Amino acid sequence: TTLGSRPSAGSPRLAELAPVRQVATLSKMRQTLLRTRLGLSLAASVVGAVQMAQPARSRSSSAVLPLASSMQSSQRATAVLVHGLDSSKETWSGVLADLAAAGYPAVAYDLRGHGESPLGDPDEFEPAALASDVLAAVRAAGIKRCVLVGHSMGGRVAMRAAAIEAESGGASVLRAVVVEDMDISPRTAPELSAEKRREVAAWGDGGEGAPGRRFASWGACREALLPWYDADEVRVDSWRNKRVRPHPDSSWWSDINPLARRLAWERVLASDDGASAWRELAARSGSGGLPFSVQLWHADVPGSVVKEGAGEVGGIADMSGQMPAARVRKFRGAAHSIHNSARDEFVSALCALVDEASLEGEAAAKHGT
């Protein structure tokens with residue numbers, strides 16, 4: 001074959017070149033396939049690496065929903081329970097258990113200087129401060145509507161809390177207020193000598209030279225309490241493991257506070273704040289109504305501390321006359337602590353009131369009032 005001429009199909013040279021071309025073609029195909037596979041693998045690796053490098057979706061970006069609890073419910077108002085003099089939230093333990101069993105949300109609070117709550121500055125111990133503490137605690141707990149129950153001295157606090165809410169002009173957290181065995185009649189605080197006033201100051205929140213309410217032993221606490229309670233050993237001994245309890249560090253804590261007792265007598269019970277708060281509520285009730293109902297629940301004689309008779313200044317009849325809209329209920333046979341001496345009847349009445357207040361609240365919300 002001459003140079004430049006194309007080999008014929010049957011030429012020996014073309015026959016020799018054919019296997020070489022086939023090998024070259026197969027080699028190019030393998031290389032192409034390999035590059036494709038490598039490319040796909042590389043792409044998958046890159047995509048995987050990018051996916052791994054991306055941060056996980058933040059769970060906090062989802063909406064936080066309000067949760068129902070033993071303290072609040074979308075179905076019912078919460079019963080908020082406030083104790084009286086020389087007492088604490090523990091007085092409500094039976095009521096709290098009964099309400100929980102019946103499906104009613106409830107919470108009990110220690111007033112300042114009582115139970116486990118700090119006393120704060122004694123100069124600031126006033127009815128308005130006590131009431132504001134309770135209202136602030138209710139709102140801090142996320143409670144939107146409640147039935148406030150105040151026993152004895154706590155009833156005076158409940159009156160002032162109601163007056164504060166009525167005066168605020170905004171949406172009230174209160175749906176009903178229950179004053180348990182307390183009236184607005186004048187009371188006289190026990191006298192204390194100057195020396196005793198200095199001694200009782202040691203029951204403050206603690207600090208240098210002031211042990212407060214924590215003691216090394218039950219015996220030490222007992223001896224500290226006796227002088228403030230007429231050396232009544234039976235009474236003080238009844239508080240062991242109840243109002244005076246062991247602490248995990250082996251010390252003993254006293255829910256009882258003689259300084260808070262003195263301040264409560266002088267600033268709450270012996271003051272005219274209860275009468276003043278009641279007059280404020282009565283005026284608003286008569287001029288256009290209150291955004292909550294007011295209940296006067298009192299015990300039977302001889303256990304009750306309220307004045308029942310007509311014409312008695314500051315008694316139940318006087319209070320009812322000032323505020324006819326207030327509902328009065330007498331618990332026959334009950335002692336001063338109705339919630340303990342007539343617990344079944346008390347809890348039944350409270351559940352009915354919570355249901356009534358809850359339904360009225362729903363109706364008002366539907367009508368935009």
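# A tour from Arg-262

Leaving out residues within four places in sequence, Arg-262 contacts Leu-192, Arg-197 and Val-200. Select these residues to begin; the model is a predicted one. Arg-262 sits in helix H8, which covers residues 258–269. Its relative accessible area is 16%, so Arg-262 is buried, the cut-off for that class being under 20%.

**The loop around Ser-88**

Next, select Ser-88, in the loop that runs between strand S1 (78–82) and helix H2 (93–102). Is Ser-88 buried or exposed? With a relative accessibility of 4%, Ser-88 counts as buried. Show its surroundings: beyond the residues up to four places away in sequence, Ser-88 touches His-83, Asp-110, Gly-115 and Asp-255. One of these, Asp-255, also has a side chain joined to that of Ser-88 by a polar contact of 3.5 Å.

**Helices H3 and H4**

Now colour H3 (residues 127–140) and H4 (residues 153–168). The axes of these two helices come within 8 Å and cross at roughly 70°. H3 is therefore roughly perpendicular to H4, as angles of 65 to 115 degrees are classed that way. To see the contact, show Pro-127, Ala-128, Leu-130, Ala-131, Ser-132, Val-134, Leu-135 and Arg-139 on the H3 side, and Val-157, Arg-160, Ala-161, Ile-164 and Glu-165 on the H4 side. Sorted by class, the residues in this contact are 9 nonpolar, 1 polar and 3 charged.

Nonpolar side chains tend to be buried together in soluble globular proteins. The largest nonpolar core here has 65 residues, and those touching the most other members are Leu-174, Leu-225, Trp-278, Leu-281 and Phe-292. H4 gives the most to this core, with 8 residues. Centre the view on Trp-278. Setting aside residues up to four places away in sequence, Trp-278 touches Met-159, Ile-184, Val-294, Leu-296, Met-319, Gln-322, Met-323 and Ala-326. Another core, of 27 residues, lies apart from the largest one; among its members are Trp-92, Leu-99, Leu-353 and Val-354.

Move to Gly-219, in helix H6 (residues 218–225). Gly-219 has 33% relative accessibility, so this residue counts as partly exposed. Then select Asp-230, in the loop between H6 and helix H7 (233–237). At 74% relative accessibility, Asp-230 counts as exposed.

**Backbone geometry**

Most residues other than glycine have a negative phi, and most peptide bonds are trans. Where does this model depart from that? Stay on Asp-230: its phi is near 55°, a positive value in a residue other than glycine. Ser-250 also has a positive phi, near 80°, and is not a glycine. Find Ser-250 in the loop between strand S6 (244–246) and strand S7 (252–254). Its relative accessible area is 57%, so Ser-250 is exposed. For the last stop, select Val-301 and Pro-302: the peptide bond from Val-301 to Pro-302 is cis, with omega near 10°. Pro-302 belongs to the loop between strand S8 (293–298) and helix H10 (316–322).

Note on methods:
Residues are numbered from 1 along each chain as its sequence is written. Side-chain values use heavy atoms; hydrogens and water are left out. Axes are lines fitted to C-alpha atoms, for helices over the stretch in contact, and angles run from 0 to 180 degrees between N-to-C directions. Helices (H or I, at least four residues) and strands (E, at least two) are DSSP runs, numbered from the N terminus. Angles under 35 degrees count as roughly parallel, over 145 as roughly antiparallel, 65 to 115 as roughly perpendicular and the rest as oblique. Contact means heavy atoms within 4.5 Å. Ala, Val, Leu, Ile, Met, Phe, Trp, Tyr, Cys and Pro count as nonpolar, Asp, Glu, Lys and Arg as charged, and the others, Gly among them, as polar. Buried means under 20% relative accessible area, exposed over 50%, partly exposed in between (1.4 Å probe, protein chains only). A polar contact is a pair of N or O atoms within 3.5 Å; within protein, one must be able to donate a hydrogen and the other to accept it, and residues adjacent in sequence count only if both atoms are side-chain atoms. A nonpolar core is a set of buried Ala, Val, Leu, Ile, Met, Phe, Trp, Tyr and Cys residues joined through side-chain atoms within 4.5 Å.
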